[in-house]
Amino acid sequence: MAKSRKTDEGTVLPGRLVLSHCQIVGEVARAMMGRMPDWLRAELFPDGAELIAAAHDIGKVSPTFQKKIYSALSRQDVLVLALLKAHNAEAEKLWGGHGGVSQAAAEAQNIGKYIPEVLGQHHGFSPNLVAYQSASEVFGGEPWQAQRIELLAQLKQVLNADFPIVKDALQARVLAGLTTVSDWIGSGSLFEDPEGDWRTKIGQALDAAGFIQPQLKYGSSFFEVFGFEPKAAQTRLIEAASQPGVYVLEAPMGLGKTEAALYAAYQLLQKKRATGIYFALPTQLTSDKIHERVNAFLDRILEDGSPHKQALLIHGNAWLKQFEMGEEGNPGGAWFAQAKRGILAPFAVGTIDQALMAVMNVKHGFVRTFGLAGKVVILDEVHSYDSFTGTILDALVKALRQLRCTVIILSATLTQERRAKLLGRAPQKAAGPLSAYPLITAQPYDRDPAGSDAMEIPVERIPDVLVAIAHHLETDAIEEVLCRAEEGQQVLWIENTVKEAQDLYRKLAARASGMGMACGLLHSHYTKADRTASEDAWVTCFGKGGSESRALQGRILVGTQVLEQSLDIDADFLVTRIAPTDMLLQRLGRLWRHAETSRPLAARREAWILSPGLATAIVSPELAFGATAKIYAPYVLCRSLAVWQGMTHVRLPGQIRELIEATYDAQDESEHMAKHLHQVEAMRTRLERLALHGLSEGGTTQPEEKAQTRHSEVESAEVLLIRAYRHDLGKQGTWVTLLDNERLWVPHNGRSLKRKQWREISAALMQNTLKVADYLAPDTVSKTRINWLGDYFYLGKPEYEESVLLRVALVDESGAVTSLDNGAVNDSYRISYDPSVGYQTTKKKEQKYDD
């Protein structure tokens, strides 16, 4: 038996046999490949790939798995369990469960390079088979291996297929993704009844999972899509990116790089040279906001009947509610979350981290590889400062070329060396003048499959504007922003950490409230619901459509890096903490962004930078920069400070290239700076080891929460915050009071609900979650305490030695966060939550806020 099934009453019955389930998964894979364009199939999905998918569960023909599944039945088969008495089902975790048995069985049959690893990893992790072979006694010895060999022979016969040749490790990753996703879909609700005719449901299951060809409107002009005529740089990119390849657009903030990339993608979709779009941004907050801009684009390029249009246009969670991905994509599954599942959708906006994990040895990294194949992948806000992320990004761009993707890289602030690395070229020291700016670099795949050459396409220069730069203390800046806001100006203050932003907001809000001005805060530590509401309100005021509201009163908006990335906001005055040059330029791009905006007469295009003295910073960066030195590498901060410290004005965009090169160009360093540089190089070397192109390169597969993709990243935890909960065991459910005091009924057997209702309950709960650093999160509670949420959140699987991934805590009326027993929630920190300030932590001993 491969599957059990649960009735609406909770009774566990026998499900499909192993042969039947494997055959279904093979046919799902075959049908999925049948929906792919010929050019993508020819390159990545050979005939016979369906047999790889089908063979994934041959390891379920093993005594430990069969004991586990038969033991879980409500009516137990005493005879079968007696035959399996000597075997311990709990021992499966030692070799990675039935996936490990599948891999061992396949290796013994010499079915081809890479294929055994594909079978072994279909649950996301690499099995540990050092001490085991196909005929090991714990796998049932030779008799059980003979049954697995027979099963393989039957699968070849029923599918009329043989194993293909897998040409390299990257293709193996794609096929591993195909195998896993086919397994999820083939384990879905349509195939639960073992008596049903499953063949007629294959197409229906793929439709339900969202694997449907989008219906495009053809021939729409740039003006018809966006409502304005394209600028010169936009036109040149659209002309250049007419076929798959890698394209880099370097242009200043506010030029319309997003629209240029989207229209180029639309052209490729019309030519059937791409299968979809993945728009990758630095953070979840920026990706949520740009979702609206991408939705407006999709509204104009998709026919009204296109199934993805409605789901995408309603809300980010709508895709969760409309499409069913099968077992792992259901609520409670590891891939229900929009941040993950979006990469499998034809159109999605997400974080760059999800794309980076496509080339890393992390759980289900290969599902992301599969999801990106053939798409237009737009990498927005790519900067030079983060050489750590850049290490993995270089590997990603190289892989995307081989996956027949079109990669469009957007940046205002790339060094010439960084651009060369992204294009896979050896960096060369520029002997002459700097490259033109703005600049398009084109590397079409058909012309240059190896990625060894590229064309530089300059575009017409953009007139400069002069921005005044001043350096002041925080105390002076506080008085200045209050004065400017009182005059009616719209002021931005950008900090580098959530803690510093929260502290500053409290100082400003306390004084602003009595001065007739508004004060707000934006950062990443809000629940999804509160973050969306706050962001909508403030971005509207500071955006293009905020003219009427701007005239009503002055405002101060405090925030973190989320204010510098992809948000179309326009400030009259800016204060910023020192940051890498890339980030400072991005922040300056929020100043006087829209020429048509009316401003108070006293407003000046000016930015104040809060920074320490350079000499102190070089000797003691942690002391001088404070928490900023934990976010950005001290070496980069010092190099940036050296460039900006004496500056009184800057010409934009004319000086962008010059400032970036001055910050990052190699030079002889002093003793202290050499030490800081060494730290940068050491981190880069460590991340190089994490970048993984193939399944067979070994090493331990990391959980996604531990996958470090940037300098400042630490392990994170998902936190569900609620007001209260009350179990009703008679009705087999729990009443949950959400943070907005809405009461939500959460049945314990969510799987018995109609699919739409089940997904809607899970999506509602997810609106009350946020992610924070693991050490600042509520302590883990035993899984038994929150098992009632297991049908709505992924709680980890013990057979893969995953810890409970979800933290759950209560928020009382005062905002204090407590444990489920109303006690202390973290040994080291007091935690509180406020809709306006967000998630806050206070160190118990020092009574100070900590981020």
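User: What should the 17 residues of helix H1 (residues 18-34) span, and how far apart are its end C-alpha atoms?

Analyst: The expected span of a helix is 1.5 Å times one less than its number of residues. For H1 that should give 24 Å, and the end C-alpha atoms are 24 Å apart, which agrees. Keep in mind that this is a predicted model, where local features need pLDDT of at least 70, side-chain atom pairs count only at pLDDT 80 or more, and totals for chains, interfaces and linings use all residues. Residues are numbered from 1 along each chain as its sequence is written, and side-chain values use heavy atoms, with hydrogens and water left out.

User: How many residues of H1 are buried?

Analyst: Buried means under 20% relative accessible area (1.4 Å probe, protein chains only). In H1, 13 of the 17 residues are buried, so the helix is largely enclosed by the rest of the structure. Across the 851 residues of the protein chain, 60% count as buried.

User: How do I read a helix pair, say H30 and H31?

Analyst: Two packed helices are described by the angle between their axes and the distance between the axes. Here the axes of H30 (residues 634-644) and H31 (residues 656-664) come within 8 Å and cross at roughly 135 degrees. Axes are lines fitted to C-alpha atoms over the stretch in contact, with angles from 0 to 180 degrees between N-to-C directions.

User: Which residues meet there?

Analyst: With contact meaning heavy atoms within 4.5 Å, Val636, Arg639, Ser640, Val643 and Trp644 in H30 meet Leu659, Ala662, Thr663 and Tyr664 in H31.

Conventions. Helices (H or I, at least four residues) and strands (E, at least two) are DSSP runs, numbered from the N terminus. Buried means under 20% relative accessible area, exposed over 50%, partly exposed in between (1.4 Å probe, protein chains only).
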